[in-house]
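Take a look at the chain before reading on. The paragraphs below walk through it piece by piece.

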Amino acid sequence: MKFFWITSFFLLQDTGAFLMKNAKVKLCLQASPMGGNVSLEDCNPESDFQEWSWQGDSLRNHGTQSCLSVVEANSVQTRLCSSMGYTRWNCSNSLLSPLGSSQSYLVARKKGVALSNVQSLKAQWQDVEDRSVCKEKAAKAEQGMYFLAALASTQVYEHATGTQQVLGVDQEELEELLWFFRREDPSSWNYSILVLSSMAMILGLVLLTINIARNRKRKLLKYQEAAQMTQQAEMEAKQGLMPVQQENSPSELEKQEPVPQDQRSGDVMVQWKDGTITSLYTDSPEHAV
């Protein structure tokens with residue numbers, strides 16, 4: 001548990017980054033990756049070279065991993081935080097001054113920043129939300145004290161043998177108050193999550209298989225319906241081309257009786273009920289007249 005809190009403390013040291021914007025020129029302090037120079041540029045929250053954080057009394061840049069330092073009388077650059085030349089800063093009323101010097105302040109210039117004894121808006125530094133950078137320092141210090149208090153509470157919880165006598169509460173109340181620091185065996189929970197995830201995966205595969213089978217069946221039915229409709233349309237087209245009058249079919253023509261040989265043009269032929277066919281008008285021979 002102690003190792004957990006120590007690791008969390010160092011991991012969260014990089015949190016609380018902010019942009020240092022000058023209250024007068026509305027530009028943000030940016031560190032150069034080469035040479036250690038600093039300049040004032042348009043604020044860009046996505047730039048690591050414009051992100052600063054309090055590390056104790058030092059201002060560390062996230063892009064260069066170096067600290068804001070005074071290199072000469074009035075010149076300000078960045079130096080390695082592990083070196084002996086980096087500067088500690090005192091922050092009060094949005095004013096930044098080197099620790100131990102209350103007469104010079106970090107002010108904005110045309111080409112960058114420098115130290116000056118003026119206390120105008122050029123010497124006031126804020127974040128992008130127009131809050132003082134001093135509040136960021138106070139929040140960082142409060143965060144560090146919180147972790148130290150949590151670490152101390154953990155040590156008391158782990159090393160105290162007579163918990164009831166030391167804190168004056170019973171064991172159940174102590175466990176309820178210090179629930180955040182309890183150590184539990186997560187094996188059962190991990191196994192449950194593993195089983196649930198396996199079941200969810202199997203269910204997903206089953207549903208996927210069913211969906212694929214239904215889609216294939218639906219496509220097959222549509223294909224069969226389309227084939228039937230095409231066949232029916234072809235049959236209707238063929239029936240439309242067939243002759244409407246069936247009496248002129250070859251079979252009926254064969255059934256018709258042949259015309260008598262003695263039939264002449266202009267004769268009217270009559271078929272009687274007994275089946276005989278005679279001419280309605282029979283010309284009598286000339287000799288019969």
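In strand 10, which residue is the bridge partner of Asn90? It is Ser97. Before going further, note that this is a predicted model, in which local features need pLDDT of at least 70, side-chain atom pairs count only at pLDDT 80 or more, and totals for chains, interfaces and linings use all residues. Residues are numbered from 1 along each chain as its sequence is written, and side-chain values use heavy atoms, with hydrogens and water left out.

Stay with that pair of strands. Helices (H or I, at least four residues) and strands (E, at least two) are DSSP runs, numbered from the N terminus. Two strands pair if DSSP finds at least two bridges between them. Strand 9 and strand 10 run antiparallel and are joined by 4 bridges. Their hairpin has 2 residues between the strands, and Asn93 there takes a positive phi near 55°. Ser94 lies in the loop between strand 9 (89-92) and strand 10 (95-98). Its phi is near 65°, a positive value in a residue other than glycine. Most residues other than glycine have a negative phi.

How much of this region is covered? Buried means under 20% relative accessible area, exposed means over 50%, and partly exposed lies in between (1.4 Å probe, protein chains only). Ser94 is buried, at a relative accessible area of 10%. Strand 10 is covered on both faces. Leu95 and Ser97 are buried on one side, and Leu96 and Pro98 are buried on the other.

Now move to strand 5 (51-55). In this strand, 4 of the 5 residues are buried, so the rest of the structure largely encloses it. Strand 5 pairs with strand 1 (residues 18-19) in the antiparallel sense, over 2 bridges. Here Phe18 stands opposite Trp52. Strand 5 is also joined to strand 6 by 4 bridges, and these two strands run antiparallel. Ser53 has Arg60 in strand 6 as its bridge partner. The hairpin of strand 5 and strand 6 has 2 residues between the strands. In that hairpin, Gly56 takes a positive phi near 75°.

Next come the charged side chains. Side chains of opposite charge can pair when their charged atoms come close. A salt bridge is a side-chain nitrogen of Lys or Arg within 4 Å of a carboxyl oxygen of Asp or Glu. By this rule there are 5 salt bridges.

One of them joins Lys21 and Asp130, at 2.8 Å from N to O. Lys21 is in strand 2 (residues 21-22), and Asp130 is in the loop between strand 13 (125-126) and helix 2 (133-159), so the pair ties together parts that are 109 residues apart in sequence. Lys21 is buried, at 11% relative accessible area. Asp130 is partly exposed, at 44%. Asp130 also has a positive phi, near 60°, in a residue other than glycine.

Another salt bridge joins Asp57 and Lys137, with the closest N and O atoms 3.1 Å apart. This pair also links distant parts of the chain. Asp57 sits in the loop between strand 5 and strand 6, while Lys137 is in helix 2, 80 residues apart. Asp57 is partly exposed at 25% relative accessibility, and Lys137 is buried at 18%.

Glu129 and Arg131 also meet in a salt bridge, at 3.4 Å from N to O. Glu129 is exposed, at 54%. Arg131 is partly exposed, at 39%. Both belong to a network of salt bridges that links Asp127, Glu129, Arg131 and Glu136.

Patches are made of residues with over 30% relative accessible area and no salt bridge; like charges are joined within 9 Å, and nonpolar side chains (Val, Leu, Ile, Met, Phe, Trp, Tyr) within 5 Å. Accessible areas come from the Shrake-Rupley method with a 1.4 Å probe; for residues, only the protein chains shown count as cover. Lys and Arg count as positive and Asp and Glu as negative, while His and the chain ends are not counted. The place of a charge is NZ of Lys, CZ of Arg, CG of Asp or CD of Glu.

One patch is positive, and its members include Arg214, Arg216 and Lys222. Lys222 is in helix 5 (residues 187-241), and is exposed at 53%. Another patch is nonpolar, with about 840 Å² of accessible area together. Its residues include Met201, Leu208 and Ile212. Leu208 is found in helix 5 and is partly exposed, at 47%.
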